[in-house]
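Open the model in your viewer and keep the sequence panel beside it. The stops below say what to select next and what is there.

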Amino acid sequence: MANNNSKPRLWSRSFILIAIASTGVSFATYFFLPTLPVYAQAMTGSGGWAGAMTGVYSLASLVSRPMAGYMADRVKRLALAFAGALVCLIACILYNFAAAITWLLVFRFMHGFGFGMHTTSANAAIIGMVPPERRTEGIGSFGLCMTIASAIAPAIALPLAANPETGLLPLSAAAGALLVVSLGSMLPVMQQDHAGEEQAGQGKDSGGFRRAAEPVAMLLLVACVQGAAVSFLALYALERGFGMIGFFFTCSAAGMILSRLFAGRICDKRGIRAVMLPSLFVYFLSVLGIAFVSGQTGMILLGFPFGLALGSITPAFNVIILSRFADNPHGAASALYFACLDAGIGGGSVTWGFLAGSIRYRGIFLASACICALLCVWYYLSGKNIKRNI
């Protein structure tokens, strides 16, 4: 006799294959994030072009998301994810033929566009695939693809690109192999893209963007604080006389992996507020700790609670934004979520860069801690005034 209390299945064959595909795409992408700026500087002798590599990639990813979200609600989502991965593969091959910096920028834009298309449509496909009662857990588990890649891929890529004069062939070969596996992993489930078929051509939810305004604003602030850590923590550590601060991001990745494994289950069982409020508070304490920590070891260890909080907050906001739309436009909600992360991290980094000269690096983290405190109060009051699962 079947047990009616058993939880619906999350790790289906299709879920696992899409997760494998997205892990390969993410690894291939994170191979080039720390290495292409080094290669561009070696090619031109200018650090300005190194920064352009990241800027062009972020812009392309941000540009592709609205288009991918629109199309994901009208055509097969996994077909879009497959197309995005294929664009990434072509870009990785073409890197080797970039004889001038302008061509390298063109291929970098192509890579960012493909990655934005893949992640947006794959995320929408996963949302339509997982059981609604396990949605936060499913999104968090799927998010491990990028989290694990961001933690491991740079460590593999940097030795492969240790000598920029050898070109990008070793990296391209590794990335190409992963992307071929990713494309192959998607083929068995592309014909079973029922979520995409159900959503294709169905009605729009223009009011979803208006209803999502509040969580979107909160997520932008969360990402803005993340941008401060990504862009200025190393510089702040150097100013303080600390070395080997890269281990902060290793601890952060460990915290994110742990939170994504367990926080989603708690959200689905006890509600998002049970996780969101404590996570926002831990986020505040970790950023405040960065501003006042007195030693290198302490700063490195703060990476764990920082990642633990961030790994709980972001998938929860993904579900909250999704809940503001009707059942159909998962693609639009997915695009909006990723665009918030891109805009928040990128825009926050630019803003903090303008302020760094006047408030210094410690001031950046003090201001970020104030933003986190505001988020705690805002989220608490929002839940008190609005009877929604925010």
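Start by selecting Met-276, Tyr-283, Met-299 and Ile-321, the residues with the most contacts inside the largest nonpolar core, which has 63 residues. A nonpolar core here is a set of buried Ala, Val, Leu, Ile, Met, Phe, Trp, Tyr and Cys residues joined through side-chain atoms within 4.5 Å. Buried means under 20% relative accessible area, exposed means over 50%, and partly exposed is in between, with a 1.4 Å probe and protein chains only. This is a predicted model, in which local features need pLDDT of at least 70 and side-chain atom pairs count only at pLDDT 80 or more, while totals for chains, interfaces and linings use all residues. Residues are numbered from 1 along each chain as its sequence is written, and side-chain values use heavy atoms, with hydrogens and water left out.

Next, colour the elements that give two or more residues to this core: α11 (213–239), α12 (247–270), α13 (273–292), α14 (296–301), α15 (303–323) and α16 (330–385). Helices (H or I, at least four residues) and strands (E, at least two) are DSSP runs, numbered from the N terminus. With 17 residues, α16 gives the most to the core.

Zoom in on Met-299. Leaving aside neighbours within four places in sequence, Met-299 is in contact (heavy atoms within 4.5 Å) with Leu-233, Tyr-236, Ala-237, Phe-242, Ile-245, Phe-248, Ile-290 and Val-293.

A second, separate core has 48 residues, including Leu-89, Ala-98, Phe-115 and Ala-175. In soluble globular proteins, nonpolar side chains tend to be buried together.

**Along α16**

Stay with α16 and select Gly-348, which is found in this helix. Gly-348 counts as buried because its relative accessibility is 3%. Apart from neighbours within four places in sequence, Gly-348 is in contact with Cys-224 and Ala-343.

Most residues other than glycine have a negative phi. Is Arg-360 buried or partly exposed? At 48% relative accessibility, Arg-360 counts as partly exposed.

Ser-368 lies in α16 and is buried, with a relative accessible area of 0%. Not counting residues up to four places away in sequence, Ser-368 touches Val-225, Ala-228, Val-287 and Trp-352.

Cys-372 is another α16 residue, buried at a relative accessible area of 1%. Which residues does Cys-372 touch, not counting those up to four places away in sequence? They are Val-225, Tyr-283, Phe-284 and Val-287. Cys-372 and Leu-221 are 8.0 Å apart in space, C-alpha to C-alpha, and 151 residues apart in sequence.

Select residues 169–190, helix α8. Its 22 residues should span 32 Å at 1.5 Å a residue, and its end C-alpha atoms are 31 Å apart, so the two agree. The expected span is 1.5 Å times one less than the number of residues.

Show the side chains of the buried residues of α8, among them Leu-171, Ala-175, Leu-179, Leu-183, Met-186 and Val-189. The buried residues of α8 pack against α1, α2 (35–44), α4 (77–94), α5 and α7.

Then select α6, residues 135–142, which is mostly covered, with eight of its eight residues buried. Arg-135 and Glu-137 are among those buried in α6.

**The largest cavity**

A search of the whole structure finds three cavities of 30 Å³ or more. On a 1 Å grid over the protein atoms alone, a cavity is a set of points where a 1.4 Å probe fits but cannot get out; lining residues have an atom within 4 Å of a point. Grid points are joined across faces, edges and corners, and a volume is the space filled by probe spheres set on the points.

The largest cavity holds about 60 Å³ of space. To see its lining, select Ser-22, Ser-26, His-118, Thr-119, Phe-142, Gly-143, Cys-145, Met-146 and Phe-338. Helices α1 (13–32), α5 (101–129) and α7 (144–160) each supply at least two residues of this lining. The lining divides into four nonpolar, five polar and no charged residues. Here Ala, Val, Leu, Ile, Met, Phe, Trp, Tyr, Cys and Pro count as nonpolar, Asp, Glu, Lys and Arg as charged, and the others, Gly among them, as polar.

**The whole chain**

Zoom out to finish. The protein chain has 16 helices and zero strands, and 52% of its 390 residues count as buried. Among contacts between residues at least 6 apart in sequence, 86% join residues at least 24 apart.

Technical notes:
On a 1 Å grid over the protein atoms alone, a cavity is a set of points where a 1.4 Å probe fits but cannot get out, and a pocket is an open set with protein on both sides within 12 Å along at least five of seven lines; lining residues have an atom within 4 Å of a point.
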